[in-house]
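Please keep the sequence and the 3D view open while reading.

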Amino acid sequence: MAPDEPLDAGLQSLGLALPAHARGQLTAYRDELARWGRVHNLTAVLDPARMVPVHLLDSLALAPLVRGRTLADIGSGGGLPGIPLAIADPDLAVTLVEPRAKRALFLEHVVRLLGLGNVIVERSRVEDLGGATRYDTLVTRAFGSLAGFAGAAGRLAAPGGCLLAAKGRDPAPEIAELGAEWVVEVVPLVVPGIDAERHAVRIERRARGE
C-alpha cells in the first residue's frame with residue numbers, strides 16, 4: 001500500500017508512532033467511511049484528503065487523554081473517535097455505542113473488514129445500556145451538551161474513570177451547566193490540518209468530601 005503522506009505527517013506531529021499495518025487500517029477505514037458516507041449520510045466530509053485531519057487526526061488527538069484499558073464511544077455514528085483510537089491501540093477494548101441501524105451496520109462491517117478484534121458494536125442508546133459493564137473512559141464527538149453527556153453516560157464510568165468530550169470552541173458555557181459533582185479539565189488541542197479551535201473536556205465525578 002502506498003504511504004499516505006498527510007496521514008504520516010499528521011501522526012508524526014501528534015507524536016504517534018504507528019506501525020505500517022495500523023496506518024493501512026486507518027486509510028482503509030477512511031476509504032470505507034467515504035464510500036458508505038455517500039449513501040448513508042455518515043459524514044458531511046466526503047473528500048478522502050480532507051477526512052485525514054477532520055476525522056482521523058482529530059480523533060487521534062484524544063489518544064493521550066484516554067484513561068485505562070476500556071473505552072466506550074457514545075453516539076459513535078461512523079465510528080469516530082472510537083475506531084481510530086482502537087486502531088492506534090490494539091490493547092484498548094473499545095465498545096461503539098450507536099442506536100441507528102444503518103450506522104451500526106456500517107460499524108459492524110468495518111470491524112469485520114479490518115479485523116478489529118478489540119472492538120464490539122452495541123446497537124443501543126446509551127440510556128438503554130444495561131448490565132454491570134463499566135468503562136474507564138467514555139468518549140464522544142457528537143453526543144450534544146456536556147451536561148447531557150454526563151447525565152446519560154456518567155453512570156457507566158468505572159471507579160476512577162472519566163468522560164471525554166471533543167469540542168470546538170472553549171466550552172465554558174456548557175461547563176457552567178454541569179453540576180457540582182463533576183470535576184472538569186479543559187485541554188486545548190492542536191490538530192494538524194485543522195485551522196480552528198479544538199478542545200477536549202475531561203470530566204470525572206468529584207470524590208466525596210472534596
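## Basis and terms

Axes here are lines fitted to C-alpha atoms, for helices over the stretch in contact, and angles run from 0 to 180 degrees between N-to-C directions. Helices (H or I, at least four residues) and strands (E, at least two) are DSSP runs, numbered from the N terminus.

This is a predicted model, in which local features need pLDDT of at least 70 and side-chain atom pairs count only at pLDDT 80 or more, while totals for chains, interfaces and linings use all residues. Residues are numbered from 1 along each chain as its sequence is written, and side-chain values use heavy atoms, with hydrogens and water left out.

## Helices α2 and α5

The axes of α2 and α5 come within 11 Å and cross at roughly 150°. The two helices are therefore roughly antiparallel to each other (angles under 35 degrees count as roughly parallel, over 145 as roughly antiparallel, 65 to 115 as roughly perpendicular and the rest as oblique).

Contact means heavy atoms within 4.5 Å. On the α2 side, Q25, A28, Y29, E32, L33, R35, W36 and H40 meet K102, L105, F106, H109, V110, L113 and L114 of α5.

## Aromatic pairs

The structure holds 2 aromatic pairs. Rings of Phe, Tyr and Trp (its six-membered ring) pair if their centres lie within 6.5 Å; planes under 30 degrees apart count as stacked, over 60 as edge-to-face and the rest as tilted. W36 and F106 form a tilted pair, at 5.2 Å centre to centre and 55° between the planes. W36 lies in α2 and F106 in α5 (residues 101-114), so this pair ties together parts that are 70 residues apart in sequence. Both W36 and F106 are buried (buried means under 20% relative accessible area, exposed over 50%, partly exposed in between, with a 1.4 Å probe and protein chains only).

The ring centres of F143 and F149 are 5.9 Å apart and their planes stand at 45°, so this pair is tilted. F143 counts as partly exposed because its relative accessibility is 27%. F149 is buried, with a relative accessible area of 1%.

In α3, the buried residues include M51, V52, P53, H55 and L56. Their cover includes α1 (5-14), α2 (20-40), α4 (82-88) and β7 (198-205).
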